[in-house]
Amino acid sequence: MGLKHLTLAGLAALGTASAFRLDQKPIFAHPGQQQPIRGGADSEKPLVTSEALEATISSKNLLKRAKQLYEIAKLGEKEYNHPTRVIGSEGHVGTLEYIRESLRALGDYYTLSHQPFPAVSGNIFEWRLLLGLDLAESAWPMGLTPPTKDKQPVEGKLIAVKGEGCNEEDFPKELEGNIAFVRRGTCPFGTKSEHAGKAGAIAAVVYNYEDSPVSGTLGAPSPDHVATFGLSGAEAAPYLAKLKAGEEITATAYIDAVVDTIMTDNIIAQTKQGDPDNCVMLGGHSDSVAEGPGINDDGSGSLTLLEIATQLTNFSVNNCVRFAWWAGEEEGLLGSDFYVANLPEEENQKIRLFMDYDMLASPNFAYQVYDARNEVNPVGSQELRDLYVDWYTKNGLNYTFIAFDGRSDYDGFIRHGIPGGGIATGAEVLKTKKEVKMFGGEAGVPFDVCYHQLCDDVSNLHLGAWEVNAKLVAHSVATYARSFDGFPKRESVEVAATKVGLSKAAKYSQDVKYHGSKMHQ
Ligand SMILES: *[C@@H]1O[C@H](CO)[C@@H](O)[C@H](O)[C@H]1NC(C)=O
Ligand SMILES: *[C@@H]1O[C@H](CO)[C@@H](O)[C@H](O)[C@H]1NC(C)=O
């Protein structure tokens, strides 16, 4: 990858959580610690209806917010040379400020709280991998990789590791002072890097089992991690053959990177009105990847929440509505995981469901509904899925089901027994011909060509799709803010979690490729 000045960020939540930390400012307090204020002016406002809340949504308002957000992303330019809202950047700090100030301006309709949490932030500045005398074109450093020694090139023999390097015994003695060549698969990249480090390797290269390149993250830092690259299977193949034939290959690895701990922040707003023991919760993420401004991912979701939180103040509600803006989603769902992991059981039970809104305006969109089912997810997930389906159907729109596979912030909720679901408009996957018939757009092109790239700017938004989906978000809020009639009662956390969460968690590193957007295995 030459010596381009590029910055990659990668993060991982650190250690175990502390309880909510409260802001000094009295307006910020954890909702659970404040009594709801009933009556007063709010009770004179009309009870929210889907129709009325949907009518407040316009792409004009949404676009205005998107333009503001892009200006905020530019604050990241100083450090990253391009707009970004990655956690730890000025662009993200500005985003949090924008959300907080917009909410504060709404007066006392909401109880605002925030939840700082530590995250590890990795920046990679330069790298290079030479195999023999050849530059490895597909070599890509893993997120959260440490640098090579003294941030200087290191040289050693390329040593093939047995199997997939998931056991320490797979790493031979000759690795001491040399470079591990490990096949991808079975266990996380972080485990392979750790084993290589323990065996005394000076760097590690994880090559793919497919021809394609590997871009992933080492996950939570370990003192045993060594500088680690991913490499395409196609590029690895000739070197593997040489090693097999007993040839010696000298390799040079170089990574200049830092791994730091930073504090970042979730923001929560809960209506003061409405039954505080029965909350509908919804979230979007406030951060972007380092590579770009993230105006669709997830400006579109987080701004939709902000717009609806604003419009809702003209109505009264029967049930509490809790909005969340998560940080660190792009680094592995850090903020939402931290939030759910730290909910006391009593607070967990008050959340009747969680609705995830991540990427609502992809330029080559499809209307996608997470295929959440009650057999394998907490009861209520399927009712939420059907609310979306019914709405699209009623409005004469097509929809598709997509895998409820852990790629966004609902993951922590369903693992902890809370029903969840959501809608999206698609990321890097190519649109099919069939989907073009259903939604228009272009076949063979990603739903979002600018996914995780610099071009995810204001021009990357499909305003029509965004408005449609924002109305659906309004419908979901209004529906549950009025009533949970017909919506299943919460199962006990144990029952629900046994069904998915725990069983899934136990098998997690084996079966689940994603937890958030970066592959960890
Ligand atoms: C609320 O209603 C008033 C009166 O109709 C209107 O002026 C205002 O724009 C509405 N929206 C918000 C967010 O206050
Ligand atoms: C829905 O999809 C069908 C094809 O399956 C198509 O004929 C129809 O026009 C689509 N409806 C809309 C509103 O795009």
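**Disulfides and their surroundings**

Analyst: When the bonded cysteines of the protein chain are numbered in sequence order, they pair as 1-2, 3-4, 5-6. The model is a predicted one, and it holds three disulfides. A disulfide is a covalent bond between the sulfur atoms of two cysteines.

C166 is joined to C187, with an S to S distance of 2.1 Å. The link of C166 and C187 is left-handed, with -90° about the S-S bond. It connects distant parts of the chain, 21 residues apart: C166 lies in the loop between β5 and β6 (179-183), and C187 in the loop between β6 and α6 (189-198). C187 has a relative accessible area of 7% and is therefore buried.

C279 and C320 form another disulfide, with an S to S distance of 1.9 Å. The torsion about the S-S bond of C279 and C320 is about 110°, so this disulfide is right-handed. Here, too, distant parts of the chain are linked: C279 is in strand β10 and C320 in strand β11, 41 residues apart. Both C279 and C320 are buried.

A disulfide also joins C450 to C455, with an S to S distance of 2.1 Å. Its torsion is about -115°, so the link of C450 and C455 is left-handed. C450 is buried, because its relative accessible area is 8%, whereas C455, at 30%, is partly exposed.

The buried residues of α9 are L334, G335, S336, F338, Y339 and V340.

The nonpolar cores come next. The largest nonpolar core has 62 residues, and those with the most contacts inside it are L103, L312, F323, W325 and M355. Helix α14 gives the most to this core, with 11 residues. Leaving aside residues up to four places away in sequence, W325 touches I99, L103, D265, N266, I267, A269, G284, S286, S302, L305, L306 and A309. Another core lies apart from the largest one and has 24 residues, including A203, V205, A227 and A236.

The buried residues of α3 are L62, R65, A66, L69, I72 and A73. Seen down the axis of α3, these buried residues fall within an arc of 115°, so they line one face of the helix. On the other side of α3, K60 and K64 are exposed. The buried residues pack against α4 (77-80), α5 (90-104), α8 and α14 (463-482). The length of α3 agrees with expectation, because its 15 residues should span 21 Å at 1.5 Å a residue and its end C-alpha atoms are 20 Å apart.

R65 in helix α3 (residues 59-73) and E307 in helix α8 (residues 295-312) are 242 residues apart, so distant parts of the chain are linked by definition of the chain order. Both R65 and E307 are buried. E248 forms a salt bridge with K157, where the closest N and O atoms are 3.9 Å apart. E248 counts as exposed at 59% relative accessibility, whereas K157 is partly exposed at 33%.

D386 and R385 meet through their side chains in a salt bridge of 3.2 Å, N to O. Salt bridges that share partners join D371, R373, R385 and D386 into one network. R385 counts as buried at 12% relative accessibility, and D386 as partly exposed at 27%.

R385 is also one of the residues that V369 touches. V369 is found in strand β13 (residues 368-370) and counts as buried, at 0% relative accessibility. The C-alpha atoms of V369 and F401 are separated by 4.9 Å, although the two residues are 32 apart along the chain.

Technical notes:
Residues are numbered from 1 along each chain as its sequence is written. Chains are lettered from A and ligands numbered from 1 in the order in which they are written. This is a predicted model: local features need pLDDT of at least 70, side-chain atom pairs count only at pLDDT 80 or more; totals for chains, interfaces and linings use all residues. Side-chain values use heavy atoms; hydrogens and water are left out. Helices (H or I, at least four residues) and strands (E, at least two) are DSSP runs, numbered from the N terminus. Buried means under 20% relative accessible area, exposed over 50%, partly exposed in between (1.4 Å probe, protein chains only). A salt bridge is a side-chain nitrogen of Lys or Arg within 4 Å of a carboxyl oxygen of Asp or Glu. The expected span of a helix is 1.5 Å times one less than its number of residues. The arc is that of the directions from the helix axis to the C-beta atoms. Contact means heavy atoms within 4.5 Å. A nonpolar core is a set of buried Ala, Val, Leu, Ile, Met, Phe, Trp, Tyr and Cys residues joined through side-chain atoms within 4.5 Å. A disulfide is a pair of cysteine sulfur atoms within 2.5 Å.
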